[in-house]
Every structure is written in C-alpha cells, then in structure tokens.
Amino acid sequence: MTNSIHLEAKSKELNYDPNHLLNTMIKSLHLKNDAALSRALEVAPPVISKIRHRHLAVGATLLIRMNEISGVDIKELRRLMGDRRKKFLNNDLCFDANDETSDDKVHNSSEAGH
C-alpha cells in the first residue's frame, strides 16, 4: 500500500505517465492490447495492469526489454513515460543521465571494490 502512495507522489513530481509509454509501445509495435504487449515483452499480463494502475513502476529491466523489441532509445522511452530527470540514483551512486561515461564509472567503481 505504501508503495502505491509513494509512486503516486513521485508521479505528480515527475509528470510520470506510464500509460503514455504503454500506449505508444502498443501502437508502434502494431499490437491490439495489453495482453499482446505483455506477450511481446515476455511479462505476465498483471505486470502491465499494475503499471497502468500505478501499483508498479516501470523498471530498468522492462525499459531494456522495450528497447530490445522496439529499437526505441532508452532516453526516449523514459521521456515517453514522463521521466525527465537529468540524474538518477543507482546502487548508491549518482549518475548524470546524459553522461555517456556512466558505465565506465560503474565499471571502475566495481573494480576498486566499492
């Protein structure tokens, strides 16, 4: 229950609209409905429903899968769902979403034992 409230608060902050992303994916992949989208993404249908009802956030794994099947850039997918943050947190590290060397930072950090 608290996760839903947290997602709603965040969605208002960021103009988060997962429905726009899902609808765009359905249209661009020439699918009929959420069930077809869930099959294409290889996720259970309740995952799509929970995202639509804002009980579940669109995670990195799902964004990557959307990228793989549609060819749409991750930045564009994030924009479609209303995520316009310039930076995001991952594993206690802060990354600039526009920084192409973020992968290098993670790689170097993990090599250093951090």
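**Helix contacts and core in a predicted model**

Where α3 starts, the backbone nitrogen of Ala35 lies within 3.2 Å of a side-chain oxygen of Asn33. This is a predicted model: local features need pLDDT of at least 70, side-chain atom pairs count only at pLDDT 80 or more, and totals for chains, interfaces and linings use all residues. Residues are numbered from 1 along each chain as its sequence is written, and side-chain values use heavy atoms, with hydrogens and water left out. Helices are DSSP runs of H or I with at least four residues, numbered from the N terminus.

**Helix α3**
- Helix α3 covers residues 34-41, and its buried residues are Ala36, Leu37, Ser38 and Leu41. Buried means under 20% relative accessible area, exposed over 50%, and partly exposed in between (1.4 Å probe, protein chains only).
- The cover over these buried residues includes α2, α4 and α5 (60-70).

**Asn23**
- Asn23 sits in helix α2 (residues 18-28).
- Asn23 has a relative accessible area of 41%, so it is partly exposed.
- Its side chain makes a polar contact of 2.8 Å with the side chain of Arg52. A polar contact is a pair of N or O atoms within 3.5 Å; within protein, one must be able to donate a hydrogen and the other to accept it, and residues adjacent in sequence count only if both atoms are side-chain atoms.
- Between Asn23 and Asp34, the C-alpha to C-alpha distance is 8.6 Å, at a separation of 11 residues in sequence.

**α2 against α4**
- Helix α4 (residues 45-52) packs on α2 at an angle of about 135°, with the axes 8 Å apart. That makes α2 oblique to α4. Angles under 35 degrees count as roughly parallel, over 145 as roughly antiparallel, 65 to 115 as roughly perpendicular and the rest as oblique.
- From α2, Pro18, Asn19, Leu22, Asn23 and Ile26 meet Ile48, Ile51 and Arg52 of α4. Contact means heavy atoms within 4.5 Å.
- By class, this α2–α4 contact holds 5 nonpolar, 2 polar and 1 charged residues.

**Nonpolar core**
- The largest nonpolar core has 16 residues; Leu21, Leu37, Val58, Leu63, Met66 and Leu77 touch the most other members. Such a core is a set of buried Ala, Val, Leu, Ile, Met, Phe, Trp, Tyr and Cys residues joined through side-chain atoms within 4.5 Å.
- At least two residues of this core come from each of α2, α3, α4, α5 and α6 (74-80).
- With 4 residues, α2 gives the most to this core.
- Leu21 touches Val58, Leu63, Met66, Leu77, Leu80 and Met81, not counting residues up to four places away in sequence.

Conventions: Axes fitted to C-alpha atoms, helices over the stretch in contact; angles between N-to-C directions. Nonpolar A, V, L, I, M, F, W, Y, C, P; charged D, E, K, R; others polar.
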